[in-house]
Amino acid sequence: MNRGSFPIIGSIVVLLAIVILPSLLTAYGLSLLTQVLIFGLFAMSLDLLVGYTGLVSFNHASFFGVGAYTAAILVTRGVENFWLTLLGGVFISLLLAFLLGSLVLRSSGPYFLMITLAFGQMIFALAWRWRSLTGGDDGLSGVPRPNLGLPISMWDSQNFYYLVLVFFVLSSVVLWRIVRSKLGRVIIGVRESESRMQALGYNTWLIKYLSYAIAGGFAGLAGVLFVYFNGFISPQQLDWSMSGLVILMVIIGGSGTLVGPVIGAGSIFILQNLISAQTERWPMSMGIIFILCVMYLRDGVVGHTIKLSKKGLKNYERFRNNER
């Protein structure tokens, strides 16, 4: 069993769990699981940048929020076609990613981090101030569950969960195919040594630009699903703290694995709900847990599990060889 098979096995186990769990959960538990899938998709899109391209972006919430706002604006202005609002949200997020990517990717390292933070806060301020379009600090409310034109009501929480699950699985497959393709290998090559890839004749700026745009598009898709789930969107979903939260999901789960960010999203939501039910000082407890994860699980939950599994396999093979 090679290293590449561990994430695949983990993905299969996670998929089986999220298909079976809805029939076992309460309404609250199902709502929590739906959020985990939406934010898992959001975190996977960022992982394409952080884990595979080596770009830590602090404005990824911009694409999530813009996708959600686009869908909410269309719906509140009378557009009832779900597929039209979905495409609109993803398209505007992609357009924003192409625009910002042409600007922020002219920098690197800490300068890239700071300029993405600056652009993210500019978009947050725009949503806060443009009250006639975005509702300002009141946000936009009254977004109903989507009507797919089928004899199935999305107001039923389980039906909506499976709709989110379909998009989650399809997006996961597409992202997995991307990172396993020639483009994905080139993206990883840029992360490992950009100068070497340039020497081989690759346009590394264009590769990072494509990665940035693809990640923005999938974040926009997650934003559209979120606003249909939540029924409400506010500028807080565009703030840097939202970008920070999804970065934590990637780090805790394990960057560069795709399945890791989903586990990270689930860990954060579940821990947050369990700890907040016990104490009012849950943010401090969560902070301590995050610090411990960064100190002792530097490769994330999935990365650490892979290391332990490889070590166990080596010990097993050594034991078998000694027996012979």
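The lining of the second largest pocket in this predicted model is made up of 13 nonpolar residues, two polar ones and no charged ones. In this classification, Ala, Val, Leu, Ile, Met, Phe, Trp, Tyr, Cys and Pro are nonpolar, Asp, Glu, Lys and Arg are charged, and the others, Gly among them, are polar. The pocket holds about 340 Å³ of space. Of its 15 lining residues, V66, I92, I123, L126 and L133 are the closest to the centre. Two or more lining residues come from each of α3 (60-76), α4 (82-104), α5 (109-129) and α6 (131-134). Helices here are DSSP runs (H or I, at least four residues), numbered from the N terminus, with strands (E) needing at least two residues. A pocket is an open set of points on a 1 Å grid over the protein atoms alone, with protein on both sides within 12 Å along at least five of seven lines, whereas a cavity is a set where a 1.4 Å probe fits but cannot get out; lining residues have an atom within 4 Å of a point. Points are joined across faces, edges and corners, and the volume is the space filled by probe spheres set on them.

Residues are numbered from 1 along each chain as its sequence is written. Local features need pLDDT of at least 70 and side-chain atom pairs pLDDT 80 or more, while totals for chains, interfaces and linings use all residues, and side-chain values rest on heavy atoms, without hydrogens or water.

Turning to the surface, a nonpolar patch is formed by I12, L15, L16, V19, I20, L24 and Y162, which together have about 640 Å² of accessible area. Helix α1 (residues 5-20) supplies the largest share of this patch, five residues, and I20 lies in that helix. Patch members have over 30% relative accessible area and no salt bridge; nonpolar side chains (Val, Leu, Ile, Met, Phe, Trp, Tyr) are joined within 5 Å, and like charges within 9 Å. The areas come from the Shrake-Rupley method with a 1.4 Å probe, and for residues only the protein chains shown count as cover.

Four salt bridges are found in the whole structure, each defined by a side-chain nitrogen of Lys or Arg within 4 Å of a carboxyl oxygen of Asp or Glu. E194 and K208 form one of them, at 3.3 Å from N to O. This pair links distant parts of the chain, with E194 in helix α9 (residues 194-199) and K208 in helix α10 (residues 204-230), 14 residues apart. E194 is partly exposed at 29% relative accessibility, whereas K208 is buried at 7%; buried means under 20% relative accessible area, exposed over 50%, and partly exposed in between (1.4 Å probe, protein chains only). Elsewhere, salt bridges with shared partners join R131, D137 and D138 into one network.

Most residues other than glycine have a negative phi. L258, however, has a positive phi near 65°. This residue is found in the loop between α11 (240-253) and α12 (259-276), and is buried, with a relative accessible area of 6%.

Two contacts across the sequence complete the picture. L33, in helix α2 (residues 27-53), is buried at 11% relative accessibility; its C-alpha atom is 9.1 Å from that of I270, 237 residues apart along the chain.
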